Amino acid sequence: NYPRWARESERVGPLVASSVTPPYRIPCFDSLLYEPYPVFPNTHATSTFDERFTGYGKNKVSFIHRARVLGFTFYVAPSVFLIHEPHVPSASFRNWSKSTHRNRMDRGFIDFMREVAA
């Protein structure tokens with residue numbers, strides 16, 4: 001929650017703001033389009049990335065969805081944040097976007113969702 005952190009930073013300074021607000025729980029993500037950058041423990045309970053998803057897309061969203069189904073709880077770490085800098089799509093992404101590989105990944109995601117729901 002960058003706006004919340006920024007408000008606290010203006011009030012008490014950035015280093016203090018980071019340490020004042022403890023991690024807080026957030027509800028499950030409602031969208032399959034959201035790809036947060038999560039931190040998970042390296043245990044047998046943590047699933048791995050589905051190796052069917054190669055190229056661009058579906059890897060993080062399938063990982064997060066499986067974590068939701070497995071009952072993982074999600075928290076925001078207020079002292080840590082990441083800013084995604086918009087950029088021009090790379091040549092490899094443009095090529096991938098027009099390829100049949102993308103369609104295979106999209107169809108594979110439908111299969112994945114059916115498997116996880118079962």
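Analyst: Of the protein's 118 residues, 26% count as buried, where buried means under 20% relative accessible area, exposed over 50% and partly exposed in between (1.4 Å probe, protein chains only). This is a predicted model: local features need pLDDT of at least 70, side-chain atom pairs count only at pLDDT 80 or more, and totals for chains, interfaces and linings use all residues. Residues are numbered from 1 along each chain as its sequence is written, and side-chain values use heavy atoms, with hydrogens and water left out.

The protein has five helices and two strands. Helices (H or I, at least four residues) and strands (E, at least two) are DSSP runs, numbered from the N terminus. Along the sequence the order is α-α-β-α-β-α-α.

Now the helix itself. Helix α3 spans residues 59–69. Its buried residues are V61, S62, F63, I64, H65, A67 and R68. Their cover includes β2 (74–76) and α5. After α3 comes G71, with a positive phi near 90 degrees.

Take the packing on α5. The α3 and α5 axes lie 11 Å apart, at an angle of about 10 degrees. Axes are lines fitted to C-alpha atoms, for helices over the stretch in contact, and angles run from 0 to 180 degrees between N-to-C directions.

From α3, V61, S62, H65, R66 and V69 meet F109, F112, M113 and V116 of α5. Contact means heavy atoms within 4.5 Å. The residues of this contact divide into six nonpolar, two polar and one charged. Ala, Val, Leu, Ile, Met, Phe, Trp, Tyr, Cys and Pro count as nonpolar, Asp, Glu, Lys and Arg as charged, and the others, Gly among them, as polar.

S62 counts as buried because its relative accessibility is 3%. Its side chain reaches the backbone oxygen of K58 at 2.7 Å. Leaving out residues up to four places away in sequence, S62 touches D50, F53, F109 and F112.

Next, the core. The largest nonpolar core has seven residues: F53, V61, W96, M105, F109, F112 and V116. Four of them, the largest share, come from helix α5 (residues 100–117). Such a core is a set of buried Ala, Val, Leu, Ile, Met, Phe, Trp, Tyr and Cys residues joined through side-chain atoms within 4.5 Å. Beyond neighbours within four places in sequence, W96 contacts T54, G55, Y56, H101, R102 and M105.

Key
Polar contact = N/O pair within 3.5 Å; in protein donor to acceptor, adjacent residues only side chain to side chain.
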